[in-house]
Every structure is written in C-alpha cells, then in structure tokens.
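Here is a short note for a colleague who is new to this structure. Please keep the sequence and the 3D view open while reading the points below.

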Amino acid sequence: MSKQEPGCCEPSPEEPHAVEQAAELALMFKALGDPVRLRLFSMIASRPEGEVCVCELTPAFELSQPTISHHLKLLRQAGLVDSERRGTWVYYRARPETAGRMAAMLSSVAAERRAVAV
C-alpha cells in the first residue's frame, strides 16, 4: 500500500446521493436511455398545453401502437410521466418535479466539475 499525501483525497463538500435516491434516478435515466422513450418524453414535455394524447404520439413512429404503449408504460413506471384515461384515449403529461430532480443532479455534477477545474 502507498501513503497518500495530505489533502490529496479530501472528501467532497456535498454528500453523494443516498442509495434510494440513486436507484430512483438511475431508473429515470435508464428509461430515457432508449431513443424511442427519449423522443416520446421530449414530445410530451415540450407540449405547450402540458399534455398530449397517445393518438398524437403514435404516428410519429414506425412502431405498432402496443409497442408505443409499452414505452409509455416504462416512462410512467420511471416516474417521468403521468397519464389519464379519457374515454378510449390516454393523455400523457410530463412530471416537472421528476425532470427537475434529474436536472438538479446533472447541474450539481457539472458544478462540481467546474469547481475542480478551477
């Protein structure tokens, strides 16, 4: 074993994410790791009305409706979107608090990198 110089590996001023928080965030990022789900989430989150009907999402892809529904289900399970059935159609809306958590985590990582680089 080698000795480390004093101050070489000082602990980070911020606590890393707790195990539960890391698991939740990993599920969200994993859901967005698929190009179809990333596009679906982007289409839902960018709607000025705040929501979109599944009937408007499906034609944007060369995939079957059950496949689109499966991807939307995974986005729901990851906590990225909420849905509401209205008659025969399902409407989706992004959960801003979830996207905010992801953005905050990425911002904190970027801020730490900038601080180390200075």
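**Notes on the model**

1. Start with a charged pair. The side chains of Arg-93 and Glu-84 meet in a salt bridge, at 3.9 Å from N to O. A salt bridge here is a side-chain nitrogen of Lys or Arg within 4 Å of a carboxyl oxygen of Asp or Glu. Salt bridges with shared partners join Glu-51, Glu-84, Arg-86 and Arg-93 into one network.

2. A word on the basis. This is a predicted model, numbered from 1 along each chain as its sequence is written. Local features need pLDDT of at least 70, side-chain atom pairs count only at pLDDT 80 or more, totals for chains, interfaces and linings use all residues, and side-chain values use heavy atoms, with hydrogens and water left out.

3. Arg-86 is partly exposed at 34%, and Arg-93 is partly exposed at 26%. The cut-offs are under 20% relative accessible area for buried, over 50% for exposed, and partly exposed in between (1.4 Å probe, protein chains only).

4. Arg-86 lies over the face of Tyr-91, at 4.3 Å from the ring centre. The rule asks for NZ of Lys or CZ of Arg within 6 Å of the ring centre and within 35 degrees of the ring normal.

5. How many salt bridges does the structure hold? The count is 8. In one of them, Arg-95 meets Asp-82 at 3.6 Å, N to O. This pair links distant parts of the chain, 13 residues apart: Arg-95 is in the loop between strand E3 (89-94) and helix H5 (96-117), and Asp-82 is in strand E2 (residues 81-86). Arg-95 is partly exposed, with a relative accessible area of 25%. Asp-82 is partly exposed at 32%.

6. Now the overall layout. The protein has 5 helices and 3 strands. Along the sequence the pattern reads α-α-β-α-α-β-β-α. Helices (H or I, at least four residues) and strands (E, at least two) are DSSP runs, numbered from the N terminus.

7. The strands form an open sheet in the order E1-E3-E2, with antiparallel pairing. Strand E1 (52-53) and E2 stand at the edges with a single partner strand each, so one side of each has no neighbour in the sheet. Two strands pair if DSSP finds at least two bridges between them.

8. Look at the E2 and E3 pairing. These strands run antiparallel and are joined by 6 bridges. Val-81 stands opposite Ala-94 in E3, and Ser-83 stands opposite Tyr-92 in E3. E2 and E3 form a hairpin with 2 residues between them. In the turn, Gly-87 has a positive phi of about 70°.

9. Which helices pack on the sheet? Helix H2 (residues 35-45) touches E1, E2 and E3, and its direction makes about 85° with that of E3. Helix H4 (residues 65-77) touches E2 and E3, and its direction makes about 125° with that of E2. Contact means heavy atoms within 4.5 Å. Axes are lines fitted to C-alpha atoms, for helices over the stretch in contact, and angles run from 0 to 180 degrees between N-to-C directions.

10. Last, the totals. Of the 118 residues, 24% count as buried. Among contacts with a separation of 6 or more, 58% come from residues 24 or more positions apart.
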